[in-house]
Amino acid sequence: MQFGKMDGDGAAGTLKRTIECLNRAADLLELYRERFDIGHVHVAWLGDHVEGFPSQGGANSWRTDLTLTEQVRLTRRVMLHAALTFAPLAGRVTMAAVPGNYGEAVRIAGKGVTRYDDSHDTEALIAVRDALELNPELFVHVECFVPDTDELTVVVDCSGTVVAHAHGHQWRPGKHFDWWKGQAFNKASAMHQADLLLAGHLHHEFVDTDSPRTFIQPPAMESDSTWWRHAKGTTGAPGLIVAVTKDGEVPVKEVVR
């Protein structure tokens, strides 16, 4: 989402699209239930939720018209909206968040200098989890996941489909499966069990498969990156991806705009 950027229609446009897409995804549940027995809804927050100020050595500061606290507040409230929207619609609701490079809480000289999990991207979801726990009668079936201490990825079992979450700044564009294979070589990592990898970072929709495993990169929610348009000529195609998983497979993948 990168809340805070003035590009395109700014934070207001990004917020409006995000809320509308979440609501549309909730409406689609009834349609998908005509084909699938859906009892579990999962929402993935894949990093770069805020624009922040440290990117490019602070060069984007003038083009960032929300304060950092306002950016985090918007992120937190969007996550809470998702929880409140989907909680009545499924017997189990899970949400997971991972750190992006824009969300690093402390950067000095262009580099993160604290733990890898020290991120506004994940702290927003932790705050939402704290709020939901205040009313266990309504939200006992809603779970929130973030990476462990000093980690960047989180893996969640979604009704038999093991879903990994990461931010794409960890690999070069197009090298997602190479990175995944390297992570899976470590038996201590849950990445070797994953059926599906979800990742943010690059701003366009991309779906790829390798044997039984699937990679999904949803588009960014911004309408435009002025820097990218000047460099490449293209604008954004914002939206979110709604997918249905079954026994490790992903039979349905749809972009919601």
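Visitor: What does the accessible surface of the chain come to?
Guide: In this predicted model, the accessible surface of the chain is about 13,000 Å², and carbon and sulfur atoms hold 52% of that area.

Visitor: And how many of the residues count as buried?
Guide: Of the 257 residues, 47% count as buried.

Visitor: What about the radius of gyration?
Guide: The chain has 18 Å, which agrees with the value near 18 Å that a compact globule of 257 residues would have. Along the principal axes, the C-alpha atoms fill a box of roughly 50 × 40 × 35 Å.

Visitor: Which helices and strands are there, by number?
Guide: The chain contains six helices and twelve strands. Among contacts with a separation of 6 or more, 63% join residues 24 or more positions apart.

Visitor: Switching to rings: how many aromatic pairs are found?
Guide: Searching the whole structure gives five aromatic pairs. One of them joins W171 and W179, whose centres are 4.7 Å apart with 40 degrees between the planes, a tilted arrangement.

Visitor: Are W171 and W179 buried or exposed?
Guide: Both W171 and W179 are buried.

Visitor: Why is the pair of F177 and W180 stacked?
Guide: The planes of F177 and W180 lie at 15 degrees, with ring centres 5.8 Å apart, and planes under 30 degrees apart count as stacked, so the pair is stacked. F177 and W180 are three residues apart in helix α5 (residues 176-184), so about one helical turn separates them. F177 and W180 are also buried.

Visitor: Which residues do ring pairs link into a cluster?
Guide: The cluster consists of W171, W179, F206 and F215.

Visitor: Last topic, charges: how far apart are their mean positions?
Guide: The mean positions of the 25 positive and 34 negative charges are 5 Å apart.

How values were computed: Residues numbered from 1 in each chain as written. Predicted model: local features only at pLDDT ≥ 70, side-chain atom pairs only at ≥ 80, totals over all residues. Heavy atoms only, no water. Phe/Tyr/Trp six-rings, centres within 6.5 Å; stacked < 30°, edge-to-face > 60°. Buried < 20%, exposed > 50% of the residue type's maximum accessible area, 1.4 Å probe, protein only. Helix = DSSP H or I, 4+ residues; strand = E, 2+ residues; numbered from the N terminus. Rg over C-alpha atoms; globule rule 2.2 N^0.38 Å. Contact = heavy atoms within 4.5 Å. Areas by Shrake-Rupley, 256 points an atom, 1.4 Å probe, with all protein chains shown as cover. Lys, Arg positive; Asp, Glu negative; His and termini not counted. Charge placed at Lys NZ, Arg CZ, Asp CG, Glu CD.
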